[in-house]
Amino acid sequence: MSDRVFIFDTTLRDGEQSPGATMNQLEKLRIARQLESMGVDIIEAGFPAASDGDFCSVREIARSVEKCQVAGLCRAVPSDIDRAWEAIREAAHPRIHTFIATSPLHMKHKLQKEPAQVLEMAQRAVRHACGYTANVEFSAEDASRSEWDFLARITEAVIDCGATTVNIPDTVGYAQPDEFAELIRYLRANVRNIDRAIISVHCHNDLGLAVANTMAAIRAGARQAEVTLSGIGERAGNAALEEVVMNLNTRRNFFEVEHGIDTKMLFPACRLLSHIIGQPIPPNKAVTGANAFAHESGIHQDGVLKDRRTYEIMTPESVGRVGTDMVLGKHSGRHAIKRKLDELGYRLSEEDVTLVADAMKRLADIKKTIYDEDLEAIVLEEVFRIPDRFRLNHLTVHSGTTGVPATAAVILDVNGEERKLAQFGVGPVDATFNTIAEIIGLKPSLERFQINAISGGTDALGEVTVKIREGSRSAVGRGADPDIIIASAKAYINAMNRLAKKTEETSECPAP
Ligand SMILES: CC(=O)SCCNC(=O)CCNC(=O)[C@H](O)C(C)(C)COP(=O)(O)OP(=O)(O)OC[C@H]1O[C@@H](n2cnc3c(N)ncnc32)[C@H](O)[C@@H]1OP(=O)(O)O
Ligand SMILES: CC(C)C(=O)C(=O)O
């Protein structure tokens, strides 16, 4: 058996099924590029038959990603498979991923089919997909609640039809680690041709066991792990990529398998995702949470001061959380900035480094020390921001205790045309948002407003996240600035841009 575990990232497909985690095409492309430079083996880019928007995103990712395989998910029906192939066929390494449920519950009540019909559909689907490519994955949805004998028969049948990866999902997060490992061992022992395919697992987190089940399955012989950044996904989510990879790394002697991930890119990738979907990383999140390497109590601090290994089983540096002695400020040059970006896990083009360097100099004029978090906020703001239709040119706010309502005067660039207006509000943020909304001509409801200080001190960058909604469409936006009212305006405008982008994408993506 191979000692290499393939990392299959489904942030852009199952991850996007997480409530509130919708991404637009450009954002998906950015995540895909980050995954590619991190060394992910397969990117599941979406479900092309779901919508024209999904189709276009998958096609764009397939066109631009070179090193990874790009998978498109589809039901076991010919029209879905055709659509998936259409979307991924320009990829350097395309993969069709087709699935059908195999548990008695799903077959009887959802598919309303007999097991024999499901078996037949699975075989036909794999044969149909193999007509397009030799790289075909088959998933037995709800495998962990399926009858083992039937699961073994369908697995053997799809391998005979040409499937090269067979995925065993714990679709509803029901399995227990020992039991799931036993299932993998059972399939290895009872599927005649199992050596012709890679066994994959795809675990959900309904009982908080997604990573534990994935690790147990790898121990039992699974050689592909389906994961998402930060574990986002349907309901309680999927196994978190960063946790699975750091289990493999930290307990290398226990698992005795290799993977191709550059672990220094884990933290930046999760931060990028968090920025894009507007969902902060919980402080106690393993590997990437703010507290994951923090030591609060005296005995722990004493131990760490004497030898970090007493309470740290991995180093923050190994997952891309760096704190070096190189401090950036207004006198820093391009080389230092580039080196720091590299340490932080951002592999940027020369053009993007220039954007970051210019923004850093502007910030350094008003803030003496630029911390890593400040630089990261600049990257997210300057490089990973979608092209703006609305841009803030000027903002002045008056507020205080004088009895005069807060007033905001805003100059916005709207599609290249300068527009100005002043409005009142209950407070400075309300006045600013009212004015911006009036200029743009949209009046979305504000569902979330959150502000965090990025680094310490009263001159810290403030990072604002907002979520707005207009009818069925919602969008999150972020903005960072040492002035929290400006950060709020940037976040609101960013959300407005993303709301507008969502409308454009649905109408822009033509069926091929
Ligand atoms: C576990 C997972 O994460 S699975 C992936 C989940 N992702 C998605 O569902 C993607 C988004 N989905 C969609 O956009 C839509 O559901 C579509 C386009 C796929 C299908 O839409 P519709 O044709 O309107 O069907 P709808 O979603 O209402 O019902 C699903 C149908 O597919 C059938 N079906 C479900 N899974 C499969 C499968 N793997 N293979 C074949 N048929 C299937 C269902 O039995 C049902 O059939 P029926 O209409 O004969 O009762
Ligand atoms: C389609 C499969 C892979 C899936 O997402 C699941 O079973 O959860």
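Around ligand 1 stand 14 residues, of which Phe47, Ala50, Arg75, Ala76 and Ile100 come nearest; a residue is near a molecule if its C-beta atom, placed from the backbone, lies within 6 Å of it. The model is predicted, so local features need pLDDT of at least 70 and side-chain atom pairs count only at pLDDT 80 or more, while totals for chains, interfaces and linings use all residues. Residues are numbered from 1 along each chain as its sequence is written, and chains are lettered from A and ligands numbered from 1 in the order in which they are written.

The shell around ligand 1 draws at least two residues from each of β4 (94-101) and α4 (104-111). Helices (H or I, at least four residues) and strands (E, at least two) are DSSP runs, numbered from the N terminus. By class, this shell of ligand 1 holds eight nonpolar, one polar and five charged residues. Here Ala, Val, Leu, Ile, Met, Phe, Trp, Tyr, Cys and Pro count as nonpolar, Asp, Glu, Lys and Arg as charged, and the others, Gly among them, as polar.

Ligand 2 has Asp14, Phe99, Ser139, Glu141, Asn167, Pro169, Thr171, His202 and His204 around it. Strands β5 (136-141) and β6 (165-170) each contribute at least two residues to the shell of ligand 2, and that shell comprises two nonpolar, five polar and two charged residues.

For "binding site", the unreviewed UniProt entry lists Asp14, His202, His204 and Asn238. These positions span 225 residues in sequence, yet no two of their C-alpha atoms are more than 10.2 Å apart, so they gather at one spot. UniProt positions are given in the numbering used here, feature names are shortened, and annotations may be inferred rather than shown by experiment. His204 sits in the loop between β7 (198-203) and α8 (210-219) and counts as buried, with 25 C-beta neighbours inside 10 Å. A residue is buried if 20 or more other C-beta atoms lie within 10 Å of its own, exposed if 12 or fewer, and partly exposed in between, with C-beta atoms placed from the backbone. Asn238, in the loop between β8 (224-227) and α9 (241-250), is likewise buried, with 33 other C-beta atoms within 10 Å. Leaving aside neighbours within four places in sequence, the contacts of Asn238 include Asp14 and His204; two residues are in contact if their C-beta atoms, placed from the backbone, lie within 7 Å.

Over residues 5-267 the chain is 44% helix and 17% strand, and the end C-alpha atoms are 21 Å apart.

Helices α1 (residues 25-38) and α2 (residues 52-64) pack at an angle of about 35°, with their axes 10 Å apart. Axes are lines fitted to C-alpha atoms, for helices over the stretch in contact, and angles run from 0 to 180 degrees between N-to-C directions. In this contact, Gln25, Lys28, Leu29 and Ala32 of α1 meet Cys56, Ser57, Glu60, Ile61 and Ser64 of α2. The contact residues divide into four nonpolar, three polar and two charged.

Turning to helix α15 (residues 372-382), nine of its eleven residues are buried, so α15 is largely enclosed by the rest of the structure. Its buried residues pack against α11 (266-277), α13 (334-343), α14 (350-366), β13 (462-470) and β14 (473-481).
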